[in-house]
Amino acid sequence: MSMSYAVIADIIASRALPDRAGAQREFENVLQQAATGLNLVQEPYPTVGDEFQALASNLEAALSLTLLTNLLLSEGLALRFGIGAGQVRTVGKKAAGAIQDGSAWWAAREAIDAAHGAQDAGLGFVRARFRVAAQQADDDADAAADVAQSLPDEALVNAFLVLRDQAVDRMANRPRRLVAHLLMGATQAQAARREGVTQAAVSDLARGSAAGLLQAQKQLAVLGPVEAALPVSRRMRRKAR
């Protein structure tokens, strides 16, 4: 029994976009760029209407995808995300591939509805919410208990997301892109060249207004995407070897 992290995204204020076709192309390109190096189970892909979906094996990758995407998007474009932790199963096939179902997708749908609700309630900067699926009955009770213990705390993750989204919302477009470059592995000099600024400006950003955001993302990486995805009993057995 393994845990998956389903990601659903929809376009904010899509009907107000003057060039919906051009915006759709940018959303797809930016999502693919943001997914680079995250080793997602399923790369981001458009579904119907204004929606995209992706699947990650760990929470760090899912959170990174949502952050990098909104850092890289042009001014006036934004996506709202729901991340759901739970189970994923294949229920059929279509021409483009397997049809998926499961509690992770249901939780992601609840999460994106919660993000929409937060925006409607006055938190317009909110871009993502996280939801843990209610545990389903499982033949292996010990495995189910292990998975339950290894799940991240929903309230803590959402508290982190509120602060993260507000920090991004307060940034201008160029600083956002600079932070994205740094998070994706560019050096300060490389990020400066890509955006046509000095390395000193990037250094000031990294030590100043973006320091908290960069450090928060660094702390996510400390968790270890592989170990964090393992049930508790398996992690303990590995450490005991």
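**Helix packing, angle by angle**

Modeller: Of the protein's 241 residues, 46% count as buried (under 20% relative accessible area, with exposed over 50% and partly exposed in between; 1.4 Å probe, protein chains only). This is a predicted model, where local features need pLDDT of at least 70, side-chain atom pairs count only at pLDDT 80 or more, and totals for chains, interfaces and linings use all residues. Numbering runs from 1 along each chain as its sequence is written, and side-chain values use heavy atoms, without hydrogens or water.

Colleague: How many helices and strands are there?

Modeller: The protein has 11 helices and 7 strands (DSSP runs, H or I of at least four residues and E of at least two, numbered from the N terminus).

Colleague: What makes H2 roughly parallel to H5?

Modeller: Helix H2 (residues 59–72) and helix H5 (residues 154–169) pack at about 20°, axes 11 Å apart (lines fitted to C-alpha atoms over the stretch in contact, angles from 0 to 180 degrees between N-to-C directions). Roughly parallel needs under 35 degrees, so H2 and H5 qualify; over 145 is roughly antiparallel, 65 to 115 roughly perpendicular, and the rest oblique.

Colleague: Which residues make that contact of H2 and H5?

Modeller: Leu59, Leu63, Thr66, Leu67 and Leu71 of H2, with Val157, Phe160, Leu161, Arg164 and Val168 of H5; contact means heavy atoms within 4.5 Å. They divide into 8 nonpolar, 1 polar and 1 charged (Ala, Val, Leu, Ile, Met, Phe, Trp, Tyr, Cys and Pro are nonpolar, Asp, Glu, Lys and Arg charged, the others, Gly among them, polar).

Colleague: How do you know that the buried residues of H8 line one face?

Modeller: In helix H8 (residues 199–207), Val202, Ser203, Leu205 and Ala206 are buried. Seen down the axis of H8, they fall within an arc of 160°, so they line one face of the helix; the arc is that of directions from the helix axis to the C-beta atoms.
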